[in-house]
Amino acid sequence: MENANLNAWLVHKSGRLAGTRHSLRDDITRIGRSGENDVIITDAAMVSGHHAEIRKEADKYRLSDLNSTNGTYLNGQRISEEVLLDPPCVIRLGADGPELSLVLEDTPAVDLNQTILEGSAPLVIIPEIEPEPAGSKVHDDLLSQAVERARLARRMGTGDSTVVIMRQMLDTALHRTSRKFKAVIALLICALIATSAYGFWKIQGLKKDKGQIDGQIQQIESMLARSKVDSPETDQLIDQLDQYEGQATALQSNLLYRVASFEHEEAIKHEIRALMKEFGAETYSIPPEFVTRVKHFIEQDQGPNRSNMERALGEAGKQMDAMRRIFEENNLPPDLAYIVLVESALSSDSSSSAGAAGLWQFTPATARAYGLKVEHGVDERLDAAKSTRAACKYIRELILDFGAGSSVMLALAAYNLGPTKVKSAIRKVNDPIKQRNFWYLYRARAVPPETREYVPKVVAVMLIGRNPERYGL
């Protein structure tokens, strides 16, 4: 640092907090998702609870990664040890995570056109309402700007700033409007106070309702995990679960629910939920057992199966990308291509005792049914492009065969077990609608044990394939 009179600032470069500044005045500034940090970032799943820290030494600043999951990058390069910062520079949390600029500036004078909020939360500077030409009519955007600023303050954890914002809005309005409009401005302030009070009360009620619903759902999920297969109790519990999920979905549609700062769920569950939404199998409550098995298989792919995953995502990455493109060309979710990692780990030499062979583990009969030649020394099951196109035809037929709803998930089950066995299993369920609901069939254990394992295993490789760096691959 050449000039000790300059102040160092961290500035958000993108996202909803773009432009927000944090002064590096302390000896140590910690960055992460946890509320214990000085710079708190809660809207990016790749940011660890305690991700990185900046240490001030005289007029120099040094950056360290705190063993984060996805790493810390300085000017595009991942750091492995403490490095000296040379402003201006860019710090990124994770390979594709949020970016912060470190800049040096003169200490700014206190400006009446901005509100500085400082307390238990990090320093936040909220821009003042834009001035308008004198003599204009009553400003229609006055109240909306103030409300937007109050929401920003709430998201930053400085909820007690509402009074400051309202006071500042009143001062600004009184200075830029004529005397005859002061009564109107006062009414606007009263309306803002009433609206803020009502909104706070309503949000607290929504949080309480959500907590009660989630508690009931968690209790039912625990009871389902202990219930007997095909018992009347299981059906009753799932019906109760459906009712609570309906209430939760209705609560989520409330505008204030979206505005309020509700707690964030763990990253793995959030990623599963995003994948299920793409597959048309979205559900409010993902069975805890399903999440546990996905975590188990992720750990397997990070441990005993690591060499296969590294090869599939590294040296065989181009082949994997080609398969994803073939799925896209066939109007199928490209992530379904990761099924091949579970079937053969991208090894064309893979075979089974049942006669299945090749990347997609087709039996001779299934291969011929979908246009592959398996005869007289010719085995197109070993051809990556041809067998992948055949797999697309097969999976498309399975999806169509199992109808709407969560048919992609049922198609995954059928790819492992075969459509005939899956149909035989689900037809034990009398309700034809529930026969097409994967999550009902999973909770009721209406699908065979090997299928209950196969689907989480495929989901695990899909999550790793979508973001290998997050899982250290």
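Buried means under 20% relative accessible area, exposed over 50%, and partly exposed in between, with a 1.4 Å probe and protein chains only. The model is predicted: local features need pLDDT of at least 70, side-chain atom pairs count only at pLDDT 80 or more, and totals for chains, interfaces and linings use all residues. Residues are numbered from 1 along each chain as its sequence is written, and side-chain values use heavy atoms, with hydrogens and water left out.

**Exercise 1. Cysteines**

Task: Decide whether Cys-392 is buried or exposed, and find how many disulfides the whole structure has.

Solution: 
- Step 1. Cys-392 has a relative accessible area of 1%, so this residue is buried.
- Step 2. Cys-89 has 5%, so Cys-89 is buried too.
- Step 3. A disulfide is a pair of cysteine sulfur atoms within 2.5 Å. The search of the whole structure returns 0 disulfides.

**Exercise 2. Strands around S11**

Task: State which residue in S11 is the bridge partner of Cys-89, and in what sense S10 and S11 pair.

Solution: 
- Step 1. Helices (H or I, at least four residues) and strands (E, at least two) are DSSP runs, numbered from the N terminus. Two strands pair if DSSP finds at least two bridges between them.
- Step 2. Strand S10 (residues 89-93) runs antiparallel to S11, with 4 bridges. Cys-89 has Leu-102 as its bridge partner in S11.
- Step 3. S10 and S11 make a hairpin, with 5 residues between them. In the turn, Gly-94 has a positive phi of about 90°.
- Step 4. Strand S1 (residues 7-12) also pairs with strand S11 (residues 99-105), antiparallel over 6 bridges.

**Exercise 3. An open sheet**

Task: Give the strand order of the open sheet of 5 strands and name its edge strands.

Solution: 
- Step 1. The order is S4-S3-S5-S6-S9, and the pairing is mixed.
- Step 2. Strand S4 (39-40) and strand S9 (83-84) are the edges; each pairs on one side only.
- Step 3. Inside the sheet order, strand S3 (residues 28-32) and strand S5 (residues 52-57) are antiparallel over 4 bridges. Ile-28 has Arg-55 as its partner in S5.

**Exercise 4. Helix H14**

Task: Explain why the buried residues of H14 line one face of the helix.

Solution: 
- Step 1. Val-422, Ala-425 and Ile-426 are buried in H14.
- Step 2. Seen down the axis, the buried residues fall within an arc of 90°, so they line one face of H14. The arc is that of the directions from the helix axis to the C-beta atoms.
- Step 3. An α-helix has 3.6 residues a turn, so residues three or four places apart point the same way.
- Step 4. Contact means heavy atoms within 4.5 Å. The buried residues of H14 pack against helix H13 (407-417) and helix H15 (438-443).
- Step 5. Ser-424 also lies in helix H14 (residues 419-426). At 46% relative accessibility, Ser-424 is partly exposed.

**Exercise 5. Helix H16**

Task: Find how many residues of H16 are buried.

Solution: 
- Step 1. Helix H16 (residues 449-466) has 18 residues.
- Step 2. Of the 18, 13 are buried, so H16 is largely enclosed by the rest of the structure.

**Exercise 6. Confidence**

Task: State the mean pLDDT of the protein and where pLDDT is below 50.

Solution: 
- Step 1. pLDDT is the predictor's confidence in each residue, from 0 to 100. The mean is 78, and 78% of residues reach 70 or more.
- Step 2. Residues 108-138 have pLDDT below 50. Residues 157-161 stay under 50.

Technical notes
The expected span of a helix is 1.5 Å times one less than its number of residues.
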